[in-house]
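Biologist: Please take a close look at one part of this model, and start from a single residue and its surroundings. After that, go through the other local features that deserve a check.

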Amino acid sequence: MRRLLLSSLIAASLAVAPVHFDRHKVFRVKPQDGTQADVIKHLAKTNELDFWYPDAAHHVTANMTVDFHVSEKESPSIQAALDRSKMHYEVLIHDLQEEIGKQFDVKEDGLGRHSYAKYNNWDKIVAWTEKMVKKHPELVSRIKIGSTAEDNPLYVLKIGKENERRKAIFMDCGIHAREWISPAFCQWFVYQATKSYGKNKIMTKLLDRMNFYVLPVFNVDGYIWSWTQNRLWRKNRSRHQNSTCIGTDLNRNFDASWSSSPSRDNPCKETYPGPAPESEKETAAMTSFIRAHLQSIKAYLTFHSYSQMLLFPYGHTYKLPPSFQELDKVAKIGTDVLSSRYETHYIYGPIASTIYPTSGSSLDWAYELGIKYTFAFELRDRGRFGFLLPESQIKPTCKETMLAVKVIAEYILRNAC
């Protein structure tokens, strides 16, 4: 009996053992024609390729830069296949586990303060939300808008004076769990907005006349999992009937051409959109909140990584949105001011033609709901580190992005009806 109990305990511990990526590699390839693009798609069917850019094999086309992660076991056969097809490639990361460790290249200050130069886990972020409310009660309030699949709270921080009828901007970060730089920016935004109120003329004007609703971590369950079990986890942690595969891609779960997703019938896919639009508790909570505040919300900003882009609708079609000219103008203003700090180059444009087509995205949903100014930031970098951006790049990334958000917010304050 004791042996049986011991065996059960060992099995249970193995079942939740964190995933390690020792000697896993990240390849960058650039297929020159349709034949080479088909080679990558075929490799994805016969091997476990974790696509970093684009996010799925069906997006791969000729002349596209493609980044994907493979295990140590599969690397030799993948490399051989690329050599046989005479495809140009490079190895961006030779040992993924080693690179994961290198992310944490900023030392703790030892004073127990919340650090905006380090990645923070969920427990630290929750404590931080409480701290911000206590420190700035006249500017910050915390709203629980719902809960996650695993019953973690979803918190929105409202930044601004008490007036529901003022113009507002809704911002979310961390819809994909492994994109850690995204929640880092939402924390930075709240910190800088409150810190500079009454000191910085632009931010004071914005907070005197607007409200910001900030969801610092959209995909809480996935984010926790990326810290405790699998650094490269993308989806949420919901369960599905008749499948052992876990999770839904929350950014494919919105009611915007949802049914056109190629991954609709396969819960094991990284871009699985869920069994129905807004099937996920996280999506339902966020959409309900925005609908309830639709009269005041004039802009929707969502933050992802990586690739250094500023995107706007549409993702589900190559057709240009009715307000294309204005969105294009605002995106240019945003990317120009962003690059003024460190000369970081961003490109901008509609999702479908600038990055790749997507269905069920939050951006298209918000736009079709009537929120005219909808933008998605794809933050640093362009692939050298990918989702494993070192902590030493958090501050510069946040500083340059803050410039873009402020100039977009100023434009909305002046022009939104």
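Modeller: Arginine 23 is partly exposed, with a relative accessible area of 44%; buried means under 20%, exposed over 50% and partly exposed in between, using a 1.4 Å probe and protein chains only. The model is predicted: local features need pLDDT of at least 70, side-chain atom pairs count only at pLDDT 80 or more, and totals for chains, interfaces and linings use all residues. Residues are numbered from 1 along each chain as its sequence is written, and side-chain values use heavy atoms, with hydrogens and water left out.

Arginine 23 sits in the loop between helix 1 (2-15) and strand 1 (25-29); helices (H or I, at least four residues) and strands (E, at least two) are DSSP runs, numbered from the N terminus. Although arginine 23 is not a glycine, its phi is positive, about 60°.

This arginine also matters for the description of aspartate 95, since arginine 23 is the nearest side chain of opposite charge, 5.1 Å away. For charge, Lys and Arg count as positive and Asp and Glu as negative, while His and the chain ends are not counted. Aspartate 95 is buried yet has no salt bridge, a salt bridge being a side-chain nitrogen of Lys or Arg within 4 Å of a carboxyl oxygen of Asp or Glu. Aspartate 95 belongs to the loop between strand 4 (89-93) and helix 4 (96-102). Leaving aside residues up to four places away in sequence, aspartate 95 touches Phe21, Asp22, Arg23 and His24, where contact means heavy atoms within 4.5 Å.

Asparagine 242 has a positive phi as well, near 60°, and is a residue other than glycine. Asparagine 242 is placed in the loop between helix 8 (220-228) and helix 9 (281-292), and is exposed, with a relative accessible area of 85%.

Next come the peptide bonds. Tyrosine 53 and proline 54 are joined by a cis peptide bond with omega of about -10°. Proline 54 falls in the loop between strand 2 (50-53) and strand 3 (66-70). A cis peptide bond also joins arginine 380 and aspartate 381, with omega of about 0°. Aspartate 381 is found in the loop between strand 12 (373-379) and helix 13 (394-415).

Last, a helix pair. Ile125, Trp128 and Met132 of helix 5 meet Cys186, Gln187, Val190, Tyr191 and Thr194 of helix 6.
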